[in-house]
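Here is a short briefing on a few local features of one protein chain. Look at the sequence and the model first, then follow the points by topic.

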Amino acid sequence: MDAPADKDGKPALVVIGNGMAGMRTVEELLKLAPELYDITVFGAEPHGNYNRIMLSPVLAGDKSIDDIMLNTREWYAQNGITLHAGDPVEHIDRRRRVVRSRSGVEVQYDRLLLATGSTPFIIPVPGHALPGVIAFRDIQDVDAMLEAARTHRHAVVIGGGLLGLEAANGLMRQGMEVTVVHVTDTLMNQQLDKPAAELLKKALEAKGLRFLLNASTAEIVGPDRVSAVRFKDGSEIPADLVVMTAGVRPNIALAKSAGLHCERAIIVDDTLQTYDPRIYAVGECVQHRKATFGLVAPIWDQARVCGAHLAGAGHRRYVQQATATKLKVTGVDLYSAGDFIGAEDTEDLVVRDPRRGVYKRLVLRGSRLVGAVLYGDVKDGPWYFDLIQSGRDISAFRRELPFGQAMCMKAA
């Protein structure tokens, strides 16, 4: 490293993004080399670092904001980290190695870590900027939803993925009448096959949620605040609050303006380094070997590798792993892993027990398990996932496979 940028002789690390990915990387770095850098963190939100995954229980009233804080302001102080919360970086000068924040704070860096995350995709239909139309991404969004639930009645959630269902459940728990609008015919189509999605829909309808599937939003209606959502077929439903959960986009504007190489997201190598060797990036803003990331497991792996390289212990490489999705949507257990849709060269083993609310679909290619969807009974999920990852031959217990590990071990 060249001349250190800091007064006490330490090299300077600047972190742009005070979310889970950036702070996990800093924690990994501190485990290995707690005294190596003088660390400055800039965050767009006026808080310490909190667990974004736990915003749904806050919305539902099961947890408070304090319950979901990961790193309080005291933690930053104890670790000698300077935190600029609520003051995002707006400019990176790579030649001078300086970042400048919205309020005009300038800090020099020897190493820079980009953890700018992603931004919610707001469907650009007429009326999308009306008051009462929000995303579900941060503490401010949750506050806006709780406020709307106190004074309004009809909520429409656009997007039937996991986030949309959690938002819908939370708003229903707050007393609103909620309709979930989804553009395809399958809820959570990234994690579930059709039969499992149908079971989930029935279970959620029984709790009081409403669904409009195969519905394309054409316009959000209202003179000065949202009052209805209109669809392409001309029908409309009343809405005092519209929550958009139709996906996210990697937040790469800052990296692009600094001239870093980006495609869908910021391109990084196996050490999480960008094309500028002084600049690293982790989390939802990165693209590694064509893939982008939204789940916690791969992002924690990235944080471990990046933290090690920043600590000068650079023997690790980031390798993408298959991931399994274990979900609890409003009290319903779901698990999916691998290639659960299947193809012409695969066969399905299916168990349905409607009375107990259990559905299992296992996808086989030859004598190997390649995918699984479990609904209602998920205890064997991790074992199926191990079989998928290891590629183990299951011929010896093929017949017993849908009935779980205990049964298969007896047969084998």
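M188 counts as buried because its relative accessibility is 1%, and buried means under 20%. The model shown is predicted. M188 lies in the loop between β13 (177-181) and α6 (194-207).

**Positive phi angles**

- M188 is not a glycine, yet its phi is positive, near 50°.
- N214 also has a positive phi without being a glycine; the value is near 55°.
- N214 is placed in the loop between β14 (210-212) and β15 (217-221).
- Is N214 buried or exposed? N214 counts as exposed, because its relative accessibility is 55% and the cut-off for exposed is over 50%.

**Aromatic pairs**

- The count of aromatic pairs is 4.
- W75 and Y76 form an edge-to-face pair, because their ring planes stand at 85° and angles over 60 degrees count as edge-to-face. Their ring centres are 5.1 Å apart.
- W75 and Y76 are both buried.
- W383 and F397 have ring centres 6.0 Å apart and planes at 40°, so this pair is tilted.
- The W383 and F397 pair links distant parts of the chain, 14 residues apart. W383 is in helix α9 (residues 381-390), while F397 is in the loop between α9 and α10 (405-411).
- Both W383 and F397 are buried.
- Which residues form one aromatic cluster? They are W383, Y384 and F397.

**A charge over a ring**

- R249 has its charged end over the ring of F121. The distance to the ring centre is 4.0 Å.

Key: Residues numbered from 1 in each chain as written. Predicted model: local features only at pLDDT ≥ 70, side-chain atom pairs only at ≥ 80, totals over all residues. Heavy atoms only, no water. Helix = DSSP H or I, 4+ residues; strand = E, 2+ residues; numbered from the N terminus. Buried < 20%, exposed > 50% of the residue type's maximum accessible area, 1.4 Å probe, protein only. Phe/Tyr/Trp six-rings, centres within 6.5 Å; stacked < 30°, edge-to-face > 60°. Lys NZ or Arg CZ within 6 Å of the ring centre and 35° of its normal.
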